[in-house]
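Please look over the structure below before reading on. The briefing after it goes through the model topic by topic.

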Amino acid sequence: MAVENMTESTTTGELRPVEEQSFVTWAKANLFSPWYNAVLTVIGVVLILFLLKGTIPFLLGAQWAAVTTNIQIMLVGQYPTDEIWRVGVGVAPMPFIAGTAWGVWGSMMRTFSVILIVAAVLTVISSLFGDSMTPGFVLWFAVSPFLILLGYAVGRRDFIGPRHVLIGWFLFLLLTLFFLRGFGEDSAMPYVPTARWGGLLVTILIAQVGIAVVLPIGIIMALARQSNLWFFKIAAMAYIEVLRATPLLALLFLMLIVSPMFLPDVTTPDRLMLAFIAIVLNNSAYMAENIRGGLQSVSKGQIEAAQALGMRGSHVTMVVVLPQAIRATIPAIVGQFIILFKDTAVIALVGLMDLLGAAYAIILGQDAWRTADPEVFLFVAAVYWIFTYGMSSVSTGVEKRMRAGAD
Amino acid sequence: MSSRPPLKLLNYHGVPIWRNVVFIRLVMQALAALFVISIIWLLATNLMNNAEQRGLNLSFKLLSTNAGFDVPYSLIPFDSSKSILYAFFAGVANTLRLVGIAIFTTTILGVLIGLAQLSSNFVISGLGRVYVQTLRNIPLITFAFFLFFGLLRGLPKTSEAWHMPGIGVMSNRGIYLTSVDESSSLVLWLIIVALGIVAAYLLNRMFLKNQGELKLFGIRLNRGFTPIVLLLLVAAIGWIAQPQAPFVFDQPELKGTNFVGGMKLTTEFFAILTALTVYIASYVAEIVRGSVQSVPKGQVEAAEALGLNYWQVTLNVVLPQAARIAVLPMIGQWVNLTKGSALAIVVGYAEVFVVARTAIEKTGMALQIFVMVIAFYMIMGAFFSLLGNWYNRKVQFDGR
């Protein structure tokens, strides 16, 4: 414990306490020691002052009303106002699941959950300063931290394991989708076409469903590419190489413009679905390459040992190779999930109303907010930042745990 | 008198056919192939039906018909009477121009920020870290929107253009950089510089002969600096001694409502270049930081134990090893940059994807044009991966 505050004397090898440094000696040593360091410090400080000079007047005079009055479009798009309660109820399992994940995986997920709680609390606080936010939204953001904590309490119980969290997440996700989509015209929950879904809701839904779909496809494609059956190998190679080479944006336009030409004339495919497929195709190709790296890292001795035990080929893959390969690639997998989350923003370019698309529509569509683009885009960037930062904290947590396991 | 059981059609070497590995593999592949082929066949039939109903022509020969649209900016001369294929290649040229310049600027900015992150000076390293953490955690397109809208509104009129002394001017009509043109005395100056290089080389040879010890008027000459100083001196004399400088700096000047002279970058080009450079530099910075930190500490300590000073350790021990780790991911970022250039569609810089979009809108040949676009990006990707493989083979240790 105390060793951290001691330094080893080079001559005697004894431990002695570090001398207290005054700020001046510290600054001299760290900021001004060779002459060029002093120059760098001055340049850095000037740069910081320059940035502050630009941002502070902007932040003081910012028209945040552009964000607050349009918060409904940013959060749920054009989802019918009468039906918004369905979004609130349908999405409520998400913070709960995040909480259980925190309970089950512990420190790895802690930062993510804490960030979500802080963001929700800040939203509620900021809503106190203006009355433009619907009480329903405020209520939802006020309740969600408790849902996270409730999930944490559940996740801490011994009989809840990773498997329960994953299955629960998947089932709740399906339920949410059905809940948002609705049923017939006359039912209590009338049908809402995906064209009216939007905002952060769509961003998060696409990211989550994408995550759930991309990993299995990636695993299948990686296995096919590694297999010694030439047809599977060639098919997987074509899939991976073509999709990896194509920019997502081109794939997106390809999906929306060209793919209807390949479908029977009677069908009009859902645009959101097509955009989703484009994102999945692109990311699953990258995911396959990540997992292939993991498959190659499994030592040959493992496979030979499993074969010597008399295991079938498929058994060797499923029980011996794949678990080790996936464990080795978890950081890359989480990294790919982060990329997928960021990739969802591209759908704004084909006129879909995700978070970025909603912002775009607000600025271009309403004269009052034509000059509010910095505020709106800063808000959007901040929302993306919160989620991505949370996810990358999970990734660092995983890496830390893996390193601890390797020692 | 074989010990094997007799061959039967469905019973090879006594193994029933449904357990025969060769047979199972064959059947599995045949089924998969059948499945894939039938899907492709289904899609192709749909395509044929749709094409017939809507009167679409799916022939690639159509690409040689007149474009009938204009490409706003083109490196290679283009007008609307040229073919669609030609328009496509005008777009390709524009993409290559953008990507070529962006690779250069991104790598420089990224390496600078990566090194800043590693600095022991905490003001500098803090700035570097804030830069990287801010940009890496937002989508490129969100950043691009923020930047494009900001530039669109923020750039001043030509009469109030921002003047950057020595560099150029910025206004909403475009960015005019001071350009460097050759003058009539350039050839002579280059010859003088070449002579300087020869002289520096000979001086270096003399140093080698005398084991690094040379004296001029009793003063010991520095082995590293003297040849460089000699070269610079010769170049400077050659510059000054001639009546006309070898380079002419062409400053943009306001004439009427617009600027004349200098090198013009359109606002669109500037916007997409800035967006790609600033954003992808944050990824390059992380690669630089990671690769430098991954050089084992023992290497640095061993070099210090041999008596090398800080710069010798950095330049001769750390950087070569870090570069070997960094180059492949760096090329990966160049690929990302190439694909990110499709974002130019937001500002309308006429790169290949924008030209393709225009062509599709004007001619309706979506399928043919998309095939071309994907082929282009695949060729670019193949080029970069060849580059990476070549480098990898070059730097790989033997016996690894």
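This is a predicted model: local features need pLDDT of at least 70, side-chain atom pairs count only at pLDDT 80 or more; totals for chains, interfaces and linings use all residues.

Residues are numbered from 1 along each chain as its sequence is written, chains are lettered from A and ligands numbered from 1 in the order in which they are written, and side-chain values use heavy atoms, with hydrogens and water left out.

**Chain A as a whole**

- Chain A has 17 helices and 2 strands; helices (H or I, at least four residues) and strands (E, at least two) are DSSP runs, numbered from the N terminus.
- Along the principal axes, its C-alpha atoms fill a box of roughly 85 × 70 × 45 Å.
- Of the 407 residues in chain A, 45% are buried, meaning under 20% relative accessible area with a 1.4 Å probe and protein chains only.
- Contact means heavy atoms within 4.5 Å; among contacts in chain A between residues at least 6 apart in sequence, 74% join residues at least 24 apart.

**The largest nonpolar core**

- A nonpolar core is a set of buried Ala, Val, Leu, Ile, Met, Phe, Trp, Tyr and Cys residues joined through side-chain atoms within 4.5 Å.
- The largest one holds 186 residues, and A:I347, A:L356 and B:F353 touch the most other members.
- Helix α10 (residues 199-226) of chain A gives the most to this core, with 15 residues.
- Leaving aside neighbours within four places in sequence, A:L356 is in contact with residues of chain A, including A:F377 and A:Y384, and with B:I141, B:T142 and B:F145 of chain B.

- Two strands pair if DSSP finds at least two bridges between them.
- Strands β4 (residues 168-171) and β5 (residues 174-177) of chain B pair in the antiparallel sense over 4 bridges, and they form a hairpin with 2 residues between them.
- β5(B) also pairs with strand β12 (residues 263-265) of chain B, in the antiparallel sense over 3 bridges.
- B:Y176 in β5(B) is the bridge partner of B:V169, and the bridge partner of B:Y176 in β12(B) is B:K264.

**Residue B:T267**

- B:T267 is found in helix α7 (residues 267-293) of chain B.
- B:T267 counts as buried because its relative accessible area is 16%.
- Not counting residues up to four places away in sequence, B:T267 touches B:L155, B:N172, B:R173, B:G174 and B:I175.

Methods
Buried means under 20% relative accessible area, exposed over 50%, partly exposed in between (1.4 Å probe, protein chains only).
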